[in-house]
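Let's take a friendly walk through one protein structure. Have the sequence and the 3D view ready, and we'll go piece by piece.

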Amino acid sequence: MRTKNFKRFLSAALAVCVLTVLGLMGKVPQAQVQAGSVNYAFNPSFEEGSATEASRWGLWPGWDTGSFIGSNARTGDRAIEITLNNDQNYALYEGGITPEIMDTKSAATLSMWVNYTNITDEGFMIGAERKTSGSEDANVFSQRYTGSSDGWTELTLELPATDLEITEVILKCEIGKGSGNLLIDDVTFNGSPVAVDPDKNYAFNPSFEEGSATEANNWGLYPGWDTGSFISSNARTGDRAIGVTLSEAQNYALFEGGITPTQLDTQSALILSFWVNYTDITGEGFMIGAERKTSGSENANVFTQRYTGSSDGWTEIKVELPATDLEITEIVLKCEIAAGSGTLLIDDVSLKLDSGENPDDEDDEDDEDDDEQGEVSADKQPGVVNTGETGTSLISNPGFEDGDTNWGVVGGAAISSDDTHSGAKAVKAVLGAEGYGMWNNLTADFDKNTALKMTFWVKLDGVTGDGIEVGVERNCIDGEGAPLTDHVFSERLTGTSDWKKVTVDIPATEGCYGIVVKANIAAGEGTVYFDDFFIGLAEPAQQTDNYLMNPGFETGSATEASSWGLAPGWDKVSSPISTADVHGGNRAVSIAQGTENRVLFQSNNWGMPEMDLSQAMVYSAWVKYDGITGNGVYLKVERKANDEGVANVSGTAVTGTSDGWVQLKLLVPATTETIDELIVSVVAEVGTGTVIVDDAELRLAGEDDLNDDDEKDDDEKDDGDGDTDDTDDKKPSPTTGGGVPAAMALVTLTAIAAIVISKKRK
């Protein structure tokens with residue numbers, strides 16, 4: 001299951017849970033625009049703003065002439081509340097809706113939800129002023145309303161299309177003198193989007209030419225523009241570029257948001273590109289991409305692999321953002337730069353609509369040809385990877401079935417369906433006058449100094465010159481603290497051959513912190529195909545190996561932990577990264593309970609090493625909690641087949657305050673089901689306390705783990721829902737809701753759960 005599909009399930013479950021809870025409370029969820037439409041009203045539910053004003057909205061004769069922010073809202077926490085009087089008329093209004101935002105000449109629909117009581121005299125009306133550069137206009141207003149409504153009522157007004165050149169639309173509610181009370185909430189203004197310009201660059205200030213001597217307008221830089229000198233004159237075009245000198249003690253991020261559905265169709269396929277010039281980049285390097293945010297916890301983020309080393313001058317890096325069914329509220333362009341050394345120059349950012357002309361089209365044509373020629377054999381079906389090896393593989397996307405995801409494929413190399421060892425895709429590399437390479441940065445969490453075994457499948461066709469070699473580059477530090485690069489490669493391959501497997505034995509070493517899989521393709525003639533890479537421990541994996549990525553949350557931005565999701569969203573939880581109180585390392589995740597469930601989770605499909613998902617495992621995390629209420633905090637593991645949970649396990653919830661750091665541990669029993677996906681999570685249900693999470697681990701269960709669990713079996717009781725746990729019938733088992741996938745709450749479960757608490761004071 002792809003990350004996007006998993007997050008759709010996550011969103012569905014969240015919606016079901018929120019609707020249920022709010023239904024019990026008698027309050028509807030915040031208004032959403034109908035599918036396929038865009039609400040061009042800014043801050044439509046008045047949730048943004050100070051205690052006395054609503055952002056983007058004006059109020060005549062002034063917000064300071066009374067108290068107009070009410071808590072008696074239709075949705076959310078705020079509404080506009082106006083008490084009429086006989087001496088003053090009022091007007092609530094919002095402008096700024098221009099031809100750059102929407103087609104202001106098109107037919108449109110305005111609606112406002114109102115709740116009014118005992119309105120007298122002239123009453124109120126809603127409408128829109130449509131301004132032009134001359135004296136004419138195309139204003140439209142409703143009738144005036146008086147009396148009382150039957151609770152919340154939606155007033156709708158149709159604005160016909162016009163031939164006038166409308167320079168601005170101003171939404172209004174005009175309230176005459178009189179008496180009574182009026183509440184206003186959830187404004188919607190639907191119209192037609194601006195005509196699509198396929199050549200338009202939707203990035204703001206793309207070449208960084210606008211701004212002060214120390215900042216670039218519209219762009220942000222983490223940890224702050226004032227933490228260094230980032231404006232460089234060594235530009236590709238114009239006079240300015242962004243220049244970042246990497247630091248071993250600091251990661252950086254260059255970002256730009258504000259790209260919303262009012263600018264373009266954020267659900268459509270897009271092409272993002274950055275021009276970069278980098279020299280001697282070490283560590284985890286840098287990557288570019290786009291965060292595509294939604295109003296919930298799901299997203300459709302897309303990022304490249306990480307780049308290290310040096311470029312051959314200015315180089316364009318492109319990333320395709322596929323179309324999505326998610327309602328994207330904002331696109332944030334990013335270049336994330338990890339701690340390390342070297343220099344990086346960035347210039348000429350571009351975000352354009354995808355014209356449909358991209359290399360994958362060739363793959364589609366090949367697929368059509370396959371259909372015409374007959375049924376594709378089982379080993380050549382999309383998604384199939386056959387390395388011929390057993391054990392845990394540490395390399396992501398080993399058979400290129402996800403295209404060039406996590407790979408640097410440059411020069412004369414490209415993803416192709418012309419000839420594969422297994423699955424539907426491989427790399428086809430054509431030799432030429434200059435040599436080039438391709439690479440994959442290993443991101444799995446394992447001892448980089450251990451002995452490894454690497455294999456790959458290769459097919460050669462008339463390869464001349466020095467041919468090709470494949471192996472690893474290890475970034476190390478010698479005994480005196482100086483950087484050292486260690487290379488281990490296969491023999492050089494030339495000539496012509498059918499598909500064959502090549503093995504590279506990589507000896508153990510010392511002082512290494514990073515490994516890059518590389519293929520060096522020398523100058524010459526001929527064609528080479530690569531497929532089905534494998535890299536694993538030379539010795540079989542031990543049961544203590546941790547399969548989780550970033551288990552101690554050490555990597556990531558100041559507000560997120562990489563490789564982990566947090567529902568309902570990292571940006572929805574206050575200060576989720578803790579550096580002041582940790583179990584190990586320098587960072588932990590801090591989760592404050594709230595009015596909806598908070599779920600910290602990771603899927604094996606996000607890049608964990610390959611493993612047998614049906615075998616017994618142990619999942620654990622160190623936690624420190626304070627004042628946990630409600631159903632508490634607990635561990636959960638979901639195992640899915642065909643997108644349905646089939647062997648889910650939940651641990652016993654903890655509440656109250658812990659005595660320092662304690663370890664929660666959950667035994668996940670073996671199952672006979674064929675498992676497609678495994679999701680681990682820490683669930684903090686609705687409440688008022690705080691839990692800090694650190695040093696999570698997922699490993700194979702050993703004999704001691706299973707024996708410990710057998711001793712518990714006699715005491716465990718089946719609670720009737722298919723799960724067994726170590727709680728008794730007097731204590732309710734943890735319920736599932738909020739941000740976890742729907743299947744986690746709806747599918748009958750059969751499993752044995754155990755929790756062990758170990759204390760550690762700190």
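## Buried cysteines

Let's start with Cys-173: at 0% relative accessibility, this residue counts as buried. (Buried means under 20% relative accessible area, exposed means over 50%, and partly exposed is in between, using a 1.4 Å probe and protein chains only.) Cys-335 also has 0% relative accessibility, so Cys-335 is buried too.

A quick note on what you're looking at: this is a predicted model, where local features need pLDDT of at least 70, side-chain atom pairs count only at pLDDT 80 or more, and totals for chains, interfaces and linings use all residues. Residues are numbered from 1 along each chain as its sequence is written, and side-chain values use heavy atoms, with hydrogens and water left out.

## The disulfide

How many disulfides are there by the rule used here? The count is one, where a disulfide is a pair of cysteine sulfur atoms within 2.5 Å. Cys-476 and Cys-512 form it, with their sulfur atoms 1.8 Å apart. Cys-476 sits in strand β27 (residues 452-477) and Cys-512 in strand β30 (residues 512-521), so the bond ties together parts that are 36 residues apart in sequence. (Strands are DSSP runs of E with at least two residues, and they are numbered from the N terminus.)

Which hand does it have? The torsion about the S-S bond of Cys-476 and Cys-512 is about 65°, so this disulfide is right-handed. Cys-476 is buried at 2% relative accessibility, and Cys-512 is buried as well, at 8%.

## A covered strand

Now find strand β42 (residues 677-684), where eight of the eight residues are buried. In a regular strand, side chains alternate between the two faces of the sheet. In β42, Glu-677, Ile-679, Ser-681 and Val-683 point one way, while Leu-678, Val-680, Val-682 and Ala-684 point the other way.

What does β42 pair with? Strand β35 (residues 598-603) runs antiparallel to β42, joined by six bridges; two strands pair if DSSP finds at least two bridges between them. Val-599 has Val-683 in β42 as its bridge partner. Strand β37 (residues 628-641) also pairs with β42 in the antiparallel sense, over eight bridges, and Leu-635 stands opposite Val-682 in β42.

## An open sheet

Finally, look for five strands forming an open sheet in the order β2-β3-β11-β5-β9, with antiparallel pairing. The edge strands are β2 (69-70) and β9 (153-159), each of which pairs on one side only.

Ile-69 has Ile-80 in β3 as its bridge partner.

Methods:
Helices (H or I, at least four residues) and strands (E, at least two) are DSSP runs, numbered from the N terminus.
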